[in-house]
Amino acid sequence: MEDLIKKVAEHIVSAKHLVALTGAGISVESGIPPFRGKGGLWEKFDPMEVGHIQSFMRDPEKVWRLLISEMRNVLKAARPNAAHLGLARLEELGILKTVITQNIDGLHQLAGNRDVIEFHGNFAWLRCLDCSSREETVAVDLAQMPPRCACGGIYRPECVFFGETIPPADLDRSQIASSTCDLMLVMGCSAVVQPAAFMPVIAKQSGALVIEINPEPTPLTGATSTLRVPEKAGKAMREILAEVERIK
Ligand code: APR
């Protein structure tokens, strides 16, 4: 593993334009459960039942109760872990340009990354279904389910539900970042949800090297990614950053 860490650190230090694609796995060590695999949210709930926009519109209270209040409590307590902090340091060193994240937990921004594309939106803001006014989630009393705007309309989180399209500006920016990078770190992604999972393919097709950090192989492994660090993201990034700081 030591040689692999050294190799990844060398690729990072020599990268001209590093982009990271992150998924739920990067936040597991911050106490936020992933969606798939051991302890995954979709082991408890049917994603099409509680994560689809039609389910939300049919019964917003049920979705608020099941998915969102559970997520809200976990999100409130979560803090960036060594993986988020490592990416923030790589941006500070001028190596990492953009983080494309599928996560809605806001931990990359909390860790200090400034160029973050929230591919699946975020949970930090709510929008009224009637008057479209926006409110910060922390400022809304979620004791009342579903939470309502002053106009009486129901609030929805600004995350992207299944059945919804990725905001075009975010998709464009992600495609541009993926096609202009020379190295992409794919961290904590199961790479089964499109179009996020296509970003590493765009990077590879554009000549970039793709490296995964994930204890498990994914559909990208060996086909799109050349290297995989079979390690938890926090531990891997601690070791990688120590090596980057040593050789940079
Ligand atoms: N460090 C790194 N990777 C980890 C860790 C860890 N500590 N723990 C788990 N993983 C890996 C798992 O092996 C898996 O490949 O993280 C991945 C988590 O997969 P998912 O839960 O499917 O998360 P993600 O890839 O982000 O899901 C994509 O699906 O349900 C939708 O909108 C949701 O954004 C989400 C999208």
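This is a predicted model: local features need pLDDT of at least 70, side-chain atom pairs count only at pLDDT 80 or more; totals for chains, interfaces and linings use all residues.
## Helix α8

Helix α8 runs over residues 168-180, which makes 13 residues. From the first C-alpha to the last it reaches 18 Å, close to the 18 Å expected at 1.5 Å a residue.

Ser174, Ala177 and Ser178 are buried in α8. Seen down the helix axis, the buried residues fall within an arc of 95 degrees, so they line one face of α8. An α-helix has 3.6 residues a turn, so residues three or four places apart point the same way. The face turned away from the buried side carries the exposed residues Pro168, Ala169 and Ile176. What covers the buried residues of α8 includes the strands β1 (18-22), β2 (96-101), β3 (116-118) and β7 (183-187), together with helix α9 (199-205).

## Cysteines

Cys128 counts as buried, at 2% relative accessibility. For Cys181, the closest cysteine sulfur is that of Cys189, at 13 Å, which is also too far for a bond. Cys181 has 4% relative accessibility and therefore counts as buried.

## Aromatic pairs

The structure has three aromatic pairs. In one of them, the ring centres of Phe35 and Trp42 are 5.2 Å apart and the planes stand at 35 degrees, so the pair is tilted. Phe35 counts as partly exposed because its relative accessibility is 26%, whereas Trp42 is buried, with a relative accessible area of 15%. Phe56 and Phe161 also form a tilted pair, with 5.3 Å centre to centre and 35 degrees between the planes.

The pair of Phe56 and Phe161 links distant parts of the chain, 105 residues apart. Phe56 lies in helix α4 (residues 53-58), and Phe161 lies in the loop between β6 (155-159) and α8. At 0% relative accessibility, Phe56 counts as buried; Phe161 is buried as well, with a relative accessible area of 5%.

## Aromatic cluster and a charge over a ring

Phe35 and Trp42 form one aromatic cluster with Phe162. A contact of another kind involves Trp125: Arg134 lies over the face of this ring, at 4.4 Å from the ring centre.

Definitions and conventions: Residues are numbered from 1 along each chain as its sequence is written. Side-chain values use heavy atoms; hydrogens and water are left out. Helices (H or I, at least four residues) and strands (E, at least two) are DSSP runs, numbered from the N terminus. The expected span of a helix is 1.5 Å times one less than its number of residues. Buried means under 20% relative accessible area, exposed over 50%, partly exposed in between (1.4 Å probe, protein chains only). The arc is that of the directions from the helix axis to the C-beta atoms. Contact means heavy atoms within 4.5 Å. A disulfide is a pair of cysteine sulfur atoms within 2.5 Å. Rings of Phe, Tyr and Trp (its six-membered ring) pair if their centres lie within 6.5 Å; planes under 30 degrees apart count as stacked, over 60 as edge-to-face and the rest as tilted. A charge sits over a ring if NZ of Lys or CZ of Arg is within 6 Å of the ring centre and within 35 degrees of the ring normal.
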